[in-house]
Amino acid sequence: MNPTVVLFSSLLLPPSQTFIKAQGEQLQQFTPYYVGSRFVQGLALPTDRTLIINQGGLAGKVKEFWFKCSGFSPKLTQQIQRLNPGLIHAQFGLSGALALPLARSLNIPLLVHFRGADATTTVASKARYLSLNHWIYFQRREALKRDARLFITVSQFIREKLLEQGFPADRVITHYNGVDTTQFRPDPEIHREPIALFVGRLTEKKGCEYLIQAMAKVQKECPEIKLVLIGEGPLRASLELAAAQALDRYEFLGVQPASVVKSWMNRAKLLIAPSVTSLQGDSEGLPNVVVEAQAMGLPVVSTFHAGIPEAVIHGETGFLTAERDAEGLAEYSLRLLKDDLLWQRFSAKGQEHMELHFNRAKQTQILEKLYETVLSQQS
């Protein structure tokens, strides 16, 4: 029987966090249990392997609040003890801080996965006041540095951010999530359409205002190009207004299941990911969408931002420009839309790059070896 590993995330599980479930269900040598503070509407998880503190109602809210502030949840601790887990793998730095007392009470190692804003926002940016989870994170961050067994980052960029904040270099490693290249592969029978695709949360760091500006320039030269945006977020209304004023062909689809996103990646000619660093310092880690798109043979136009250059090779699998550079986004998009040979070369090279360096099966094997190393040090 495989040993158990606890995958802890405060919220189980927003639709944008498909990578957590995908990574957990890919494990071969370990059995994942998903543990968190409360459910949110989003991804379905196996009910027999999911444990939640807040089961609803006022009592559930009190239990969640008490757990976050004190680290104490007798029922959850007993439930996890019965599983005899080898370690806790916390998803995101904030969840790592929440799970720290739990790992101590169970006397098992804690691994913390940093993926983006959890590593790039700082006390100076007033991030501690964004939520209770942020406040607890900054309260416990020094203890986390000291007591967590391993810190995993989704990119070298995020690793450098942690080192700048004093995290121990010998316990911070980079590990790419990867993509299931058996599932994310193009269907040559499906015809590519004149579509530029965006997939992601409609928030400041995704840079969609510059995407709309760029697409206005693209549509002046190629009026048949349609912009399709998949995702939801607080900026949707303002972005829809901007698109209505600047674009002729566009569509906002809201949140869509992974199968629908994959279908659009097979139909589109470009994926555009114009990520920027927000005014609060929030940035990407390495957005999974640029990895999935390249596995689907879809060239990427993006920015020199966070870990994106680690996945998108400028001039080989896609094009990168400076943050907030609508002119550059438009220019590179037009180059790929007008040059079929260049498009084909980038498409093939992107698939090759993903298979060699971002194959999820291979990356999961590496993750399981990390688990085994940590467990061997514990015994």
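**A walk through the model**

Let's start at Ser-95, which sits in helix α4; helices here are DSSP runs of H or I with at least four residues, strands are runs of E with at least two, and both are numbered from the N terminus. Before going on, a word on ground rules: this is a predicted model, where local features need pLDDT of at least 70 and side-chain atom pairs count only at pLDDT 80 or more, while totals for chains, interfaces and linings use all residues. Residues are numbered from 1 along each chain as its sequence is written, and side-chain values use heavy atoms, with hydrogens and water left out.

Is Ser-95 buried or exposed? Ser-95 is buried, at a relative accessible area of 4%. Buried means under 20% relative accessible area, exposed means over 50%, and partly exposed is in between, using a 1.4 Å probe and protein chains only. If you skip residues up to four places away in sequence, Ser-95 touches Phe-8, Ser-9, Ser-10 and Ala-90, where a contact means heavy atoms within 4.5 Å. Thr-50 is 45 residues from Ser-95 in sequence, and their C-alpha atoms are 16 Å apart.

Most residues other than glycine have a negative phi, and most peptide bonds are trans. Phe-92 is not a glycine, yet has a positive phi of about 85 degrees. Phe-92 also turns up among the contacts of Phe-19, along with Arg-115, Asn-177 and Asn-288, once neighbours within four places in sequence are set aside. Phe-19 belongs to helix α1 and is buried, with a relative accessible area of 14%. Gly-178 lies 159 residues away from Phe-19 along the chain, but the two C-alpha atoms are separated by 8.7 Å.

One of those Phe-19 partners, Asn-288, leads us to helix α11 (residues 288–295), where eight of the eight residues are buried. After α11 comes Gly-297, with a positive phi near 75 degrees.

In α3 (residues 74–83), Leu-76, Thr-77 and Ile-80 are buried. They span an arc of only 100 degrees around the axis, so they lie on the same side of α3; the arc is that of the directions from the helix axis to the C-beta atoms. What do the buried residues of α3 pack against? Their partners are β1 (4–8), β3 (31–39), β4 (50–54) and α4, so we are back at the helix that holds Ser-95, given that helices are numbered from the N terminus. The face of α3 turned away from the buried side carries exposed Lys-75 and Arg-82. Asn-84 follows α3, and its phi is positive, near 50 degrees.

A few other spots deserve a look. A cis peptide bond joins Leu-12 and Leu-13, with omega at about -15 degrees. Leu-13 is in the loop between β2 (11–12) and α1 (18–26). Further along, Arg-324 sits in the loop between β14 (318–321) and α13 (326–338). Arg-324 has a positive phi of about 65 degrees without being a glycine, and it is partly exposed, at a relative accessible area of 34%. Lys-161, in helix α7 (residues 156–164), is partly exposed as well, at 25%. Neighbours within four places aside, Lys-161 is in contact with Ala-119 and Thr-120.

Finally, step back to the whole chain, which has 15 helices and 14 strands. Its radius of gyration is 21 Å, close to the 21 Å from the globule rule for 379 residues, so the chain is as compact as a globular protein of that length. That radius is taken over C-alpha atoms, and the rule is 2.2 Å times the number of residues to the power 0.38. The C-alpha atoms fill a box of roughly 65 × 40 × 40 Å along the principal axes. Buried residues make up 56% of the 379. Of the contacts with a separation of 6 or more, 69% are between residues 24 or more positions apart.
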